[in-house]
Amino acid sequence: MVQTEKRLAELGIVLPPPPKPAANYVPCVRVGNTLYLSGHIPLVEVDDGTGGKTTTLLTGRLGNGPNEMSVEEGYQAARQVGMNILATLQNELNGDLDRVVRIVKLFGIVRSSDDFNEQHLCVNGVSDLMVEVFGPERGVHARSAVGTNALPLSACVEVEAIVTVRE
Amino acid sequence: MVQTEKRLAELGIVLPPPPKPAANYVPCVRVGNTLYLSGHIPLVEVDDGTGGKTTTLLTGRLGNGPNEMSVEEGYQAARQVGMNILATLQNELNGDLDRVVRIVKLFGIVRSSDDFNEQHLCVNGVSDLMVEVFGPERGVHARSAVGTNALPLSACVEVEAIVTVRE
Amino acid sequence: MVQTEKRLAELGIVLPPPPKPAANYVPCVRVGNTLYLSGHIPLVEVDDGTGGKTTTLLTGRLGNGPNEMSVEEGYQAARQVGMNILATLQNELNGDLDRVVRIVKLFGIVRSSDDFNEQHLCVNGVSDLMVEVFGPERGVHARSAVGTNALPLSACVEVEAIVTVRE
């Protein structure tokens, strides 16, 4: 087992299966040593009640109004997006996350009511995960956190990423 | 005529004129073999009623409320943005789209009411166009689809792109 | 004093201190000769009333409704974001902005009411600043301008940037 995967085990993290796009795009495109990752959303594997697994999506909106979520729930949802990003990376890198050189940039979009202004505290969920897993030198990144009124499938958060890797 | 332009003709696609920014920016910046394209909006050339052409913009909002558009209209608008992106690429590459190596990433922003959640189905309009024109190896890309409450000039969709090219 | 810094002086520009992230991310990550800058917001240094300086943030929303701002105010706020971006660049480049090769791309997000559609006129504030400081060859960039209903800390505008540099 490689070092980064050992670290995942220490943290008690079990990655979900890598997400599969349902249209004419892919989760990740590589240009030289740079990976461009598609916008990922907080998919979660849960028991389906019959001994199997099914995938569900964390939906809702931060701030006041219908489907209200707390900042802590937004933080956990952003962390879950990070799990999906790690699953895509692991799949792209043939199971070896040690090949990640640097999490370069994250762009996090939080579904928000008009008066919600703590998107940055939610996006910390994915930022903190990257530093926990890759350590400060490889995991600390540039980042933008913004709000929006609407996201696909009513996801509460979406994150895209740029990552450098080695052979 | 080069191969990609032959493919455009087979598809019956006539590209609009490349868009011209009205301020201190350009439609495209090249760094090495990577093109960074500005956000493009759905400009359409239409007859001006006197035998000439004029350019109009597809405006509106997906979901419920004023200027409501259907998902199919959003799809067609995103496809039209793709036409404008192709026009910018063709202009940048001296008329030779064969020099496109890969559509790397698209970022699609759909103007949405708060409860609209099918932005991904709209952005498929530009994703499908890229695969029709460039084929799966060069045309399939990473992508993010998000919503927003407001876009410049009330455009219904805006898309930016990263594209790799060869000499 | 180097040329770009002379130009700043000619323009009467005094840069604010470079912004410091309050979480697990950094203002800027370098990959080869490319800098990826985090989303910057309009922080301003003001007198604190006791002879010192304090930092405040330009908050509000473009368009109709509470905390309404004019397009001119939005333009000035975007220009102020540009000041913060320049401060980050200067800090990253050990005080020498002559090492900036090209402002490659800006992504500007303007906090907007649902009917506001002049985000591009606001984002011109940062675009114009880059061309004033770096001149047309280094300063003209690709760019996207979009709206959103919500931003961190109620900032009225946020801008991220990609910049190429030399040793």
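Modeller: Let us begin with a term. In sorting residues by class, Ala, Val, Leu, Ile, Met, Phe, Trp, Tyr, Cys and Pro count as nonpolar, Asp, Glu, Lys and Arg as charged, and the others, Gly among them, as polar. Please keep in mind that this model is predicted.

Colleague: How many nonpolar, polar and charged residues does the lining of the largest cavity have?

Modeller: That lining has 10 nonpolar and six charged residues, with no polar ones. The cavity itself has a volume of about 180 Å³. Of its 16 lining residues, A:K105, A:E160, B:E160, C:K105 and C:E160 are the closest to the centre. Strands β7 and β9 of chains A, B and C each give two or more residues to this lining.

Colleague: What volume does the second largest cavity have, and how is its lining divided by class?

Modeller: Its volume is about 100 Å³. Here the lining divides into nine nonpolar and six polar residues, with no charged ones. Closest to the centre, of 15 lining residues, are A:V146, A:G147, B:V146, C:V146 and C:G147. Strands β7 and β8 of chains A, B and C each supply at least two lining residues.

Colleague: Which elements give two or more residues to the lining of the largest pocket?

Modeller: A pocket is open, whereas a cavity is a space from which a probe cannot get out. The largest pocket holds about 610 Å³ of space. Its lining takes two or more residues from each of β2 and β3 of chain A and from each of α3 and β8 of chain B. Among the 28 lining residues, A:K20, A:P21, A:Y25, A:I41 and A:L43 are the closest to the centre. By class, there are 16 nonpolar, eight polar and four charged residues in this lining.

Colleague: How should I read a sheet, and in what order do the strands of chain A lie?

Modeller: Strands of a sheet pair through backbone hydrogen bonds, in either a parallel or an antiparallel sense. In chain A, five strands form an open sheet in the order β1-β2-β9-β7-β8, and the pairing is mixed. Its edge strands, β1 and β8, each pair on one side only. Strands β2(A) and β9(A) pair in the antiparallel sense over five bridges, and A:T34 stands opposite A:T164 in β9(A).

Colleague: Which strands does helix α2 of chain A touch?

Modeller: Helix α2 packs on the sheet and touches β1, β2, β7 and β9 of chain A. Its direction makes about 140° with that of β2(A). Helix α3 of chain A lies across β7, β8 and β9 of chain A, and runs at about 175° to β7(A).

How values were computed: Residues numbered from 1 in each chain as written. Chains lettered and ligands numbered in written order. Predicted model: local features only at pLDDT ≥ 70, side-chain atom pairs only at ≥ 80, totals over all residues. Heavy atoms only, no water. 1 Å grid on protein atoms, 1.4 Å probe; cavity = no way out; pocket = protein on both sides within 12 Å on 5 of 7 lines; lining within 4 Å. Points joined across faces, edges and corners; volume = space filled by probe spheres on them. Helix = DSSP H or I, 4+ residues; strand = E, 2+ residues; numbered from the N terminus. Pairing = 2+ DSSP bridges. Contact = heavy atoms within 4.5 Å. Axes fitted to C-alpha atoms, helices over the stretch in contact; angles between N-to-C directions.
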